[in-house]
Amino acid sequence: MTVGPFGERLERAMAARGPLCVGIDPHAALLRAWGFDDDVAGLERWTRTAVEALAGTVAAVKPQSAFFERFGSRGVAVLETVIAETKAAGALVIGDVKRSDIGSTMDAYAQAYLDPTSPLGCDAMTVSPYLGVGALRSTFDYARKHGNGVFVLVLTSNPEGREVQDARVGSGTLAQHVIDQIGAYNIECATEPDSLGSIGAVIGATIGRTDHAFSRLHGPFLAPGLGAQGATAADLPVVFGPQLRAVLPTVSRTVLQAGPNAVALQQAAVREIAACASARDQVASSIARH
């Protein structure tokens with residue numbers, strides 16, 4: 001049951017379980033690596049193992065919808081089970097769906113992924129802003145109505161994204177323009193002056209030091225790129241600096257390659273949690289000293 005705005009729930013989850021989200025990405029190579037066939041039966045076994053091992057340990061789980069959709073309606077049914085069982089185990093669910101559209105179509109995506117009564121209802125979903133941040137306003141409103149969140153793609157971990165995201169808009173980049181618009185919405189909807197907003201940004205842990213003003217977001221950050229994409233927990237302070245307290249790092253293959261043994265999966269997640277928490281504590285200590 002949803003209790004409170006998503007930003008507040010995310011803060012509580014990270015305080016209780018540590019700052020880590022594990023991506024549930026059942027691509028063909030991982031299914032085979034675990035000894036399962038690349039079919040719906042293998043998908044069901046793989047995801048059940050992953051969820052049972054991880055959803056009671058980490059703050060959030062992020063199923064990537066494409067890896068379920070490739071099996072059609074039966075794959076989507078498995079995704080519905082993943083969402084329900086993850087919530088039951090106490091982890092937040094971030095639907096990695098990267099939707100983008102306008103008007104009634106975007107409203108329908110929001111109803112699918114942000115309505116608590118929907119079989120696909122998650123605690124948050126990922127969206128793309130490149131049809132205009134204004135086109136996402138109704139999605140932001142829908143999320144807020146139900147106490148859920150939205151993560152907007154801003155500075156992604158893939159190098160190809162920079163040619164668009166670094167494009168100049170006025171005196172800054174397109175990415176900063178998106179951050180500023182999200183921040184304005186979070187301020188407008190804030191319940192308390194220092195509360196963490198429920199509309200966040202996806203910022204890759206691989207991007208290195210930037211001049212972007214992340215402090216203007218007033219919301220959470222989802223930071224992919226740890227592990228296989230080359231970033232480590234040590235990169236988080238470099239990218240986020242004082243904003244690291246609001247960052248939910250996300251990792252997938254580094255944890256999932258430990259499967260199918262449930263204990264090994266949990267141990268891999270715990271190691272990543274400890275590394276990310278240590279990076280966050282170092283930043284907090286540095287701020288306190290100064």
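Where is His218 found in this chain? I will come to that residue first, once I have said how the model should be read. This is a predicted model, in which local features need pLDDT of at least 70 and side-chain atom pairs count only at pLDDT 80 or more, while totals for chains, interfaces and linings use all residues. Residues are numbered from 1 along each chain as its sequence is written, and side-chain values use heavy atoms, with hydrogens and water left out.

To answer the opening question, His218 is found in the loop between strand 8 and strand 9, where helices (H or I, at least four residues) and strands (E, at least two) are DSSP runs numbered from the N terminus. His218 has a positive phi of about 60°, although it is not a glycine. At 39% relative accessibility His218 counts as partly exposed, a class that lies between buried, under 20% relative accessible area, and exposed, over 50%, with a 1.4 Å probe and protein chains only.

Let me now step back to the whole chain. The chain has twelve helices and ten strands. Its radius of gyration is 18 Å, close to the 19 Å that the globule rule gives for 290 residues, so the chain is as compact as a globular protein of that length; the radius is taken over C-alpha atoms, and the rule is 2.2 Å times the number of residues to the power 0.38. Along its principal axes, the C-alpha trace spans about 50 × 50 × 40 Å. Of the 290 residues, 53% count as buried. If we look at contacts with a separation of 6 or more, residues 24 or more positions apart account for 71% of them, a contact meaning heavy atoms within 4.5 Å.

Next, the aromatic side chains. Rings of Phe, Tyr and Trp (its six-membered ring) pair if their centres lie within 6.5 Å, and planes under 30 degrees apart count as stacked, over 60 as edge-to-face and the rest as tilted. By this rule the count comes to seven aromatic pairs. One of them joins Phe214 and Phe221, a tilted pair at 5.6 Å centre to centre with 55° between the planes. Phe214 also pairs with Phe240, and here the ring centres are 5.8 Å apart and the planes stand at 40°, so this pair is tilted. Phe214 counts as buried at 5% relative accessibility, Phe221 is buried at 1%, and Phe240 is buried at 3%. Elsewhere, Trp34, Phe36 and Trp46 form one aromatic cluster.

I would like to finish with a few individual residues. Lys98, whose place is in strand 3 (residues 92-99), has a positive phi of about 50° although it is not a glycine, and Lys98 is partly exposed, with a relative accessible area of 40%. Lys145 is found in helix 7 (residues 137-145) and is exposed, with a relative accessible area of 64%. The C-alpha atoms of Lys145 and Asp115, which are 30 residues apart along the chain, are separated by 9.3 Å. Finally, the peptide bond from Gly259 to Pro260 is cis, with omega near 5°, and Pro260 has its place in the loop between helix 11 (253-256) and helix 12 (262-289).
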